[in-house]
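The following exercises are to be worked through with the sequence and the three-dimensional model at hand. Each task is followed by a solution in steps.

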Amino acid sequence: MILKAISQQPCKTQNIDMSAVREFQSGDAEMALALMRDLACFEGYIDDFQVTAADLIEHGLGSDRLFTAFVVPEDDADALLGIAVTYIVPWTYDLKPVLVLKELFVTKEARGRGVGKSLFRRAMGYGRERGASKIQWTVLQTNNRAKTFYRRLGGSEDTNWEPWHLSLTPPLDDPRVLPPETTKNSNPTNQEI
């Protein structure tokens with residue numbers, strides 16, 4: 001009867017219930033930071049990663065927070081299984097907010113247990129609560145598992161837009177950078193550039 005006793009034990013591979021998802025709290029900061037660092041390693045920007053636990057508390061809590069994060073804590077341990085970081089673009093062409101899913105990361109050990117799905121659904125609910133018309137996110141080009149995951153949840157690639165960026169801290173000798181306007185008459189002909 002050893003088998004029966006073992007089979008009645010809770011299994012670590014059980015799926016996560018949506019009720020396990022909760023908002024980020026100050027006590028989660030170090031664990032959330034560890035997940036964010038793991039994501040930065042996976043996506044290849046760990047050398048530029050500068051976020052601290054204090055930053056997460058300062059910018060992720062309170063009435064004037066810059067982002068909202070959701071976490072899934074491990075039942076019997078002082079650990080997090082996953083994190084979703086979101087922020088709101090207040091309005092766009094339809095005068096409705098857009099929820100941006102900045103990060104979604106699940107520990108390797110918790111993958112396949114519904115953690116990511118629960119976090120994503122909670123982010124969707126949060127967007128609806130805020131009146132958002134849609135949720136948008138980016139996926140690393142080589143992350144086919146993530147693409148499959150998002151398609152299963154109803155997401156689709158936006159083929160109309162390409163992600164672009166421009167560093168606001170280029171080297172000072174970069175000739176492509178326009179020099180800052182130093183005086184009112186820096187454009188003597190007042191022509192549009």
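**Exercise 1. Determine which residues R37 touches, and describe its setting.**

Step 1. Not counting residues up to four places away in sequence, R37 touches I46 and F49; contact means heavy atoms within 4.5 Å.

Step 2. R37 belongs to helix 2. Helices (H or I, at least four residues) and strands (E, at least two) are DSSP runs, numbered from the N terminus.

Step 3. R37 counts as partly exposed because its relative accessibility is 39%. Buried means under 20% relative accessible area, exposed over 50%, and partly exposed in between (1.4 Å probe, protein chains only).

Step 4. R37 and T52 are 15 residues apart along the chain, and their C-alpha atoms are separated by 9.9 Å.

Basis of the values: this is a predicted model, in which local features need pLDDT of at least 70 and side-chain atom pairs count only at pLDDT 80 or more, whereas totals for chains, interfaces and linings use all residues. Residues are numbered from 1 along each chain as its sequence is written, and side-chain values use heavy atoms, with hydrogens and water left out.

**Exercise 2. Describe how helix 2 and helix 3 pack.**

Step 1. Axes are lines fitted to C-alpha atoms, for helices over the stretch in contact, and angles run from 0 to 180 degrees between N-to-C directions.

Step 2. The two helices are therefore roughly perpendicular to each other. Angles under 35 degrees count as roughly parallel, over 145 as roughly antiparallel, 65 to 115 as roughly perpendicular and the rest as oblique.

Step 3. Helix 2 contributes A29, E30, A32, L33 and M36 to the contact, and helix 3 contributes A53, L56 and I57.

Step 4. Sorted by class, this contact of helix 2 with helix 3 has seven nonpolar, no polar and one charged residues. Ala, Val, Leu, Ile, Met, Phe, Trp, Tyr, Cys and Pro count as nonpolar, Asp, Glu, Lys and Arg as charged, and the others, Gly among them, as polar.

**Exercise 3. Decide whether T107 and L95 are buried or exposed.**

Step 1. T107 lies in the loop between strand 4 (98-106) and helix 4 (115-129). T107 counts as buried because its relative accessibility is 13%.

Step 2. Leaving aside neighbours within four places in sequence, T107 is in contact with L35, L80 and L81.

Step 3. L95 is placed in the loop between strand 3 and strand 4. At 64% relative accessibility, L95 counts as exposed.

Step 4. The phi of L95 is near 60°, a positive value in a residue other than glycine.
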